[in-house]
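Open the model in your viewer and keep the selection tool handy.

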Amino acid sequence: MLTNNLGYPRIGGNSELKKACEQYWSGKTTIAQLAQTGRDIRKHNWELQKEAGIDLIPSNDFSFYDQVLDWSLTVGAIPKRYHEVIMNKGNAELDLYFAMARGYQKDGLDITAMEMTKWFDTNYHYIVPEFTKDQQFKLFSTKVLDEYNESKRLGIKTKPVLIGPVTYLLLGKEKEEGFDRIDLIKNLLSVYIEVLKKLEEQHVEWVQFDEPFLCLDLTEKDREAFRYVYGEIKRQFPKLKTLLTTYFDALKDNTFLAASLPVTALHIDLVRAPEQLQVVLDVLPASMLLSAGVVDGRNIWKNDFQATLKSLKSLLANVGNNRLIISPSCSLIHSPCDLDNEHSDTILTPLTAEVKQWLAFAKQKVNEVVVLSQLISNENDVLPELQENISCAENRRSSTLIHNNEVKKRVSGITVKDENRLNPFALRKDAQHKALGLPLFPTTTIGSFPQTQEVRSWRARFKKGDLTLAEYDALIEKETEETIRFQEESGIDVLVHGEFERNDMVEYFGEQLAGFTFTKNGWVQSYGSRCVKPPVIYGDVYRPAPMTVRWSAFAQSLSDKWVKGMLTGPVTILQWSFVRNDQPRSETCTQIALAIRDEVVDLEKAGIKIIQIDEPAIREGLPLRKADWQQYLEWAVRAFRISASGVKDDTQIHTHMCYSEFNDIIQNIADMDADVITIECSRSQMELLDAFADFKYPNEIGPGVYDIHSPRVPSKNEMVNLLEKARSVIPAAQLWVNPDCGLKTRHWDETKKALIEMVAAAKVLRESVEEAVTL
């Protein structure tokens with residue numbers, strides 16, 4: 001029996017990678033210092049897993065920004081616009097890498113970043129590969145080889161992790177018409193073969209191929225690509241041990257395909273899809289090992305050893321000791337690093353000892369994998385761990401912290417009236433236009449403004465008790481007023497208060513909702529250096545008191561212009577939290593929706609006439625198989641409507657969505673019935689608007705006109721061109737003008753320049769419409 005890990009968090013237990021990257025980007029450190037931070041993190045991760053007793057330790061799971069971008073560099077899939085960065089003297093490979101991820105605006109060059117989207121149904125973002133019809137692949141970056149040899153020098157033999165060839169192509173996009181990216185498979189495989197030959201020369205034993213697309217709907221051409229790829233790898237490397245990993249769902253109709261591929265071992269996710277086990281066992285060849293993903297890689301709840309051991313014993317009876325591999329369900333990059341970093345200092349964190357005993361982070365999950373393998377092998381040394389685990393599980397089941405009868409009663413009492421606005425949008429829009437008096441192409445932002453180090457230091461000092469509440473509030477008020485004044489001076493039509501009192505768009509609400517707790521160091525990577533600290537939903541959810549009214553009302557009192565109230569929607573709060581696993585997610589989401597509804601009603605009472613309920617995660621929550629979508633969409637859309645439907649017709653409800661493909665859920669987005677939706681569009685050059693145009697989306701829409709994930713400042717003309725593209729498919733009367741997303745992570749200088757250009761672009765569009773009317 002082997003123990004295995006698919007991947008380990010690369011941010012560092014104290015967010016070392018985030019800090020190192022941001023210091024390098026700002027010019028404060030050298031590339032050598034950044035590289036050393038990477039080496040230090042990798043060494044720590046490998047040694048931790050070795051000491052825990054993991055047999056198959058991953059390498060090449062580390063990344064400075066994103067593992068898909070890493071692989072694009074490895075196979076030389078570098079879009080032509082970045083070739084000048086390559087040729088620019090003084091640029092290292094990492095500079096090219098970061099240019100592809102973040103854009104490049106120096107040395108006389110102005111190059112946009114590559115598109116970014118969600119990694120399956122997670123909150124992790126990856127950089128989307130770009131493919132052309134004549135795409136050539138060649139080995140460009142030797143990162144996978146370098147890190148394997150780096151681990152060998154430390155005396156640790158690792159298992160290199162490669163994104164599988166079919167999944168890599170399917171993750172990308174065709175950047176021109178007339179071909180199917182899967183047709184590139186033979187050319188792409190030649191680079192994989194070259195990499196494997198070089199690894200073979202270094203006496204590699206195991207290689208992991210991540211192919212999560214085996215859990216999605218595939219075409220016959222996709223299936224044939226799988227057969228070709230793994231048949232060819234087996235033919236050329238008959239002695240190589242290959243681990244084919246799938247996760248996030250069941251194999252379903254791809255079960256026979258996966259089991260028929262000539263690989264050494266197949267990994268399946270038995271946390272998200274335990275029902276697939278017997279189906280897989282029925283077709284698994286007698287020669288193939290099975291990697292059982294029994295420890296949850298995507299949530300923070302301690303494994304229930306008794307329940308897992310029952311499944312493992314049944315599995316062991318079917319495959320035998322020599323064919324069983326114990327693993328997490330997926331890579332642990334979706335988990336925080338180490339629960340031991342959560343100290344019982346109640347000033348800094350409300351994570352109580354009772355709740356903490358229910359949790360396991362990445363380090364603890366690695367240990368769970370090893371302990372489970374020892375328990376299944378009847379090693380008595382770990383029986384105390386079993387008894388402690390049983391005690392924790394029983395404590396959680398019986399804890400009085402979990403259930404609230406009033407919340408359950410309110411959920412069961414929801415009526416159809418609670419799910420609907422008073423009148424349809426066709427009637428509401430007239431009331432809103434009359435009440436709000438906004439111009440054509442109204443300008444706004446998505447909500448947050450730059451949170452400087454100074455702002456973050458105020459929050460830290462307040463939490464430590466170094467600032468009183470009055471002192472802290474005074475500082476936030478001053479920053480808010482300055483932001484309101486800037487927006488007024490720059491000519492923005494609908495203002496925001498800037499959200500300087502908020503640490504994170506989900507954590508902020510989690511801190512104020514009952515049924516939530518949060519951590520001090522429970523960081524997980526969202527993209528690049530962007531890390532989030534998801535709240536932990538452990539019990540029934542309700543709102544004890546107003547959460548945002550004080551700051552929205554204060555900001556509105558400073559201006560004659562409208563100031564948006566800013567909320568995070570119920571589905572996004574659910575998706576971006578670690579969610580309790582003892583009741584259906586739909587039930588928890590409805591509880592959150594009622595809490596947000598209470599806040600929306602109170603904002604309206606306080607004079608806030610425009611309220612934004614952000615739902616950037618609504619598409620990410622989709623099940624991987626289309627056949628399973630409808631059930632999710634029904635309760636997700638219902639939750640949003642419950643949260644938004646308690647207001648009058650002339651109160652305008654906005655929502656915002658991030659990096660999503662909308663074509664296949666456009667009807668459901670329309671069913672949400674938000675008065676205005678803002679979406680991220682700039683990296684896709686407004687391609688995402690086609691879905692709204694084809695559908696004849698009736699409500700108003702704000703396509704993002706510049707990419708806030710890049711430090712580059714777009715010109716007025718660039719944004720005018722994007723708006724003209726939008727106007728060619730969406731009527732002018734429906735269009736808003738805004739950035740792609742919130743501005744929290746940007747610097748003030750670039751933010752001010754970009755927003756001034758954005759307002760100027762909107763004025764150009766207004767003038768062009770007025771001229772057309774005059775003519």
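Begin with the lining of the second largest cavity: its residues divide into ten nonpolar, six polar and four charged (Ala, Val, Leu, Ile, Met, Phe, Trp, Tyr, Cys and Pro count as nonpolar, Asp, Glu, Lys and Arg as charged, and the others, Gly among them, as polar). This is a predicted model, where local features need pLDDT of at least 70 and side-chain atom pairs count only at pLDDT 80 or more, while totals for chains, interfaces and linings use all residues. Numbering runs from 1 along each chain as its sequence is written, and side-chain values use heavy atoms, leaving out hydrogens and water.

Now select Arg10, Asp61, Gln67, Val161 and Asp210, which lie nearest the centre of this second cavity among its 20 lining residues. A cavity here is a set of points, on a 1 Å grid over the protein atoms alone, where a 1.4 Å probe fits but cannot get out; lining residues have an atom within 4 Å of a point. The space inside is about 230 Å³, a volume being what probe spheres set on the points fill, with points joined across faces, edges and corners.

Next, colour helix H3 (67-74), strand S8 (159-163) and strand S10 (206-210), each supplying at least two residues of that lining. Helices (H or I, at least four residues) and strands (E, at least two) are DSSP runs, numbered from the N terminus.

Which cavity comes next? Move on to the largest, with a volume of about 470 Å³. Select Met505, Arg530, Trp576, Cys741 and Gly742, the closest to its centre of 33 lining residues. Then show strand S19 (565-568), which gives the most to this lining, with three residues.

Note on methods:
On a 1 Å grid over the protein atoms alone, a cavity is a set of points where a 1.4 Å probe fits but cannot get out, and a pocket is an open set with protein on both sides within 12 Å along at least five of seven lines; lining residues have an atom within 4 Å of a point.
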